[in-house]
Amino acid sequence: MKKKPLYSPIEIFVLLMKYAKLSIKSILEYKFDRVFITIAIFCREMISVVVMFLILTRFVRIKGWEYNQMFFLYSFLFLSYSVFVLFFAGMRDFDNMIYSGEFDRFLTRPLGLMYQIVASRIDLSAALGHGIVGIILFANTAFSVGIVWNAKNIFYYIVVLLTGAVIQASIFLFSACFSFWTYKVDNLRNMIFFNARRISGYPLSFYPGIIQKLLMFVVPFAFVNFFPAQYFLRKSDMSSYWNGFLYMTPVVAVIMFLLVYAFWKKGVSRYSSTGTAM
Amino acid sequence: MRAYVEFAKKAFQNNIAYRADCVAGIINAIIMIFVNICVWKAIYEDEQAVDGVQFKMLITYVVLAFLMQCIYAMDEYRIENKVRSGSIGLDLLKPINFSGYIFSYNVGILIFRVVLQLTPALIISIILFKMLPPFSLTMFALFLVSMILGYLVLYCLNFIVWISSFWFYWTFSLVTIKDAAVMILSGALLPLWFMPQAMVDFINLTPFASIYYVPITIYLGQMPMEEIAFALLKQLIWVLGLFIVGRLLWRSALKKLVVQGG
Amino acid sequence: MPFIEVNNLVKDYKLNVRKKGLLGSLQSLLVPEYKMKRAVNDISFSINKGEMVGFIGPNGAGKSTTVKMLTGILVPTSGSITIDGLCPYKERKRNAMRLGVVFGQRTQLWWDLPVIDTFELLKYIYKIPEPRYKKNMELFNELLEINSFISQPVRQLSLGQRMRADIAAALLHDPEIIFFDEPTIGLDVIAKEKVREFIRYINKEKGTTMLFTTHDMQDIEKTCQRMIIIDQGVTIYDGTVEEIKEKYGTNRTLQVDFSENVEKIDIPGIQVIEEKGSKKRFKFRKDEIQISSLINELTQKYSIVDLTVQEPEIEGIIREIYQGGIKFDESLCGVR
């Protein structure tokens, strides 16, 4: 006989809002600091944009990619990261939760572990810092790259943005899961997340085959920005990829999340059999 | 003097403990160099100059800039942590110069990075990326001098930012903004010759070019001999200028510490 | 049927054996080598509803591992745990619903926010009905005076205030069972007493089953009826606090202040342990010598200014147990 679940969907949602309220309240405790951090993150993210801008003012186009198209491609990374960090910042900070003992506390609560991880963190500073960069790029390019913003395109744009955020969340959780086994995951994370993301700033077709394969099938950033952007732009270099990839972002997001979720489950069961991160 | 050598040694040993992290760091650097070269190849494809001298120089620039980033890394939050935990009070009671202690600690990190990160990364880069040798032996010697001065400029600049932790509780924002400025204005990511003249003129008024751009152009033989002397002098002036600002700030920081009772 | 039933609980840890040197660390990365360590070795006990039980043992004895298994944080290697019919690790959430946990060294309160905010959140997490929430808040204020700091951010609270708030937070949903992990660590004497008094009150009024792990024997002595001593993964004592005192606290110390210097005391069965001028301390076993007759004998033979008999502190007994000074007879384990 299946027992009645502890919470109704409405209760789960109300509780999520309560968590969010506390997170926002915490953030507002240090208004000045948060604003300053937002500015700092904005500056940090802008440098790669500025570099690309300077290169493009000198070379005008790269491999058939023009100024506007390049920045439209880039805007996906910032906007979906912003969505990710607004909703799933807990997945990013999850390794710290293990070291600080917060995770043990989660285990003694009547709520799901993933639920608590996601619910307990909102990073407004990072969401704004990245989001503003993304909005600037989007606003400057979206209406000059020949996209007809009809209902269908707007809908697909929102879908790829959200599922792109799920892909990034999965990649982040994947790197964080290693903290169930080893102590320091910083450099690993640099490799599979931040560097991969930086690489994805430029069109996939710029890179040699091995890097393309890695970005498509291992850390699938190609589905966060390259293929979604190609759906709208249809550049000639798309001819070397299977056309179906244009529509695959939501599928990749689901597959990636399920795989990482299984890995995470394995990590949790390891944790509850050792009780330590090591 | 003995004490400072010991601090440097300790920093070296502390870093050795994270060997796996160190290896990952090397791999990261190599990947990023490789990817950057790919992007530049794509950029130059239309210009059909991929085999030209200009392109080879660019590749060498990119490799050098990344390798220098490796060894220019410092412990950005050491002073902040000491201020926040209050252990700075104890440090000031010791019969040592605190700034000297921080400097020797960072020198320890520098030596660690030169030996365990730069050397392997350099060897791999020479084999993989076919970077150009230094323009001449003299230029190489001058490059080394200029790079040391560049390190000192960056160190003095960093020190000013670190000291701000006496006034701000967290320095993350300031450190991040400083890093962003250094990365873009010093030519660490993009050679100054790609930048518009107005921007270069502005950069020439700041200490940033002294950190990456000057040493690398000397290595490439892109700077005429008579300009080199001037560039080195300019670097030296920046070191002294920033050092003095750092000292002044340090003094008022101490005053603040005394007023607050530590 | 007992409220908590633990049978043949075993917990093995897999320890990663790390090799030295660059090659060694690479080797342990590629071909990890493990060593098994048994942290809990066949522990059984049962606890009735409303009992207060203290778990004590030296560091690394396995007591916190046991508690972690009871709270559902860890999964046992073998053996079984049932808490009122539920298995804590198989039905973690359902079990957690009626569980309260206080970690003395880690707060569950939101660090930057006023205490009341965390309480409001807990109200929703544990689905506490408004009237009960109100009633409990009133009770906690009466006993712990939490209203005096309830709207202050947690980071500004003193340790004693924070601990009071943490205990209130863990009890807000009227858990049927509550675990205290070092609930008085770092507190001053008055704050400790306040916390203990509160815990006793809640146990009496609400009949909450309570389990403690602590280093402070006074916590146990003043709150628990029963204690379980764990050492090297096994239960070495399970019984009342009085019992252990009675049975193993057989030594008494007698401190005598003589009016003149006395060379030698000639009474069989007593042992001089300290001599300081005219002051002397003796040790004797209370089952060999009657205190009244000993005092009689002394006062008749010598002229005495002052005299005190000291009972052994439970702390001292426990210390002796850890050091192997006291051996338990089998019969005592698992008295219940």
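Colleague: Where in chain B does UniProt place the feature "transmembrane region"?

Modeller: In this predicted model, the unreviewed UniProt entry places that feature at residues 21–43, 55–74, 176–195, 202–222 and 228–250 of chain B.

Colleague: What makes up residues 21–43 of chain B, helix or strand?

Modeller: The span 21–43 of chain B is 100% helix and 0% strand, with its end C-alpha atoms 33 Å apart. Residues 202–222 of chain B are 52% helix and 0% strand, and there the end C-alpha atoms are 20 Å apart.

Colleague: Which residues of chain A carry the feature "transmembrane region" in UniProt?

Modeller: The unreviewed entry lists several spans in chain A, among them 36–59 and 124–149. Residues 36–59 of chain A are 100% helix and 0% strand, with 35 Å between the end C-alpha atoms, whereas residues 124–149 of chain A are 69% helix and 0% strand, with 29 Å between the end C-alpha atoms.

Colleague: Turning to chain C, why are helix 9 and helix 11 of chain C called roughly perpendicular?

Modeller: The axes of helix 9 (residues 241–248) and helix 11 (residues 314–322) of chain C come within 10 Å and cross at roughly 70°. Angles of 65 to 115 degrees count as roughly perpendicular, and therefore these two helices of chain C are described in that way.

Colleague: Which residues meet where helix 9 of chain C touches helix 11 of chain C?

Modeller: From helix 9 of chain C come Val241(C), Ile244(C), Lys245(C) and Tyr248(C), and they meet Ile314(C), Ile317(C), Ile318(C) and Ile321(C) of helix 11 of chain C. By class, this contact has seven nonpolar residues, no polar residues and one charged residue.

Colleague: How is chain C divided into domains?

Modeller: Domain 1 of chain C takes in 4–8 + 43–245, and domain 2 of chain C takes in 250–311; their C-alpha centres lie 44 Å apart.

Colleague: What makes strand 11 and strand 13 of chain C the edge strands?

Modeller: Four strands of chain C form an open sheet with antiparallel pairing, in the order 11-12-10-13. Strand 11 (271–276) and strand 13 (304–310) of chain C each pair on one side only, and they are the edge strands. From one strand to the next, the twist averages 20°.

Colleague: How do you know that strand 10 and strand 12 of chain C pair?

Modeller: Pairing requires at least two bridges, and seven bridges join strand 10 (residues 251–258) of chain C to strand 12 (residues 279–285) of chain C, the two running antiparallel. Asp257(C) stands opposite Lys279(C) in strand 12 of chain C.

Note on methods. Residues numbered from 1 in each chain as written. Chains lettered and ligands numbered in written order. Predicted model: local features only at pLDDT ≥ 70, side-chain atom pairs only at ≥ 80, totals over all residues. Heavy atoms only, no water. UniProt positions renumbered as here; feature names shortened; annotations may be inferred. Axes fitted to C-alpha atoms, helices over the stretch in contact; angles between N-to-C directions. Parallel < 35°, antiparallel > 145°, perpendicular 65-115°, else oblique. Contact = heavy atoms within 4.5 Å. Nonpolar A, V, L, I, M, F, W, Y, C, P; charged D, E, K, R; others polar. Domains from an automatic or database assignment.
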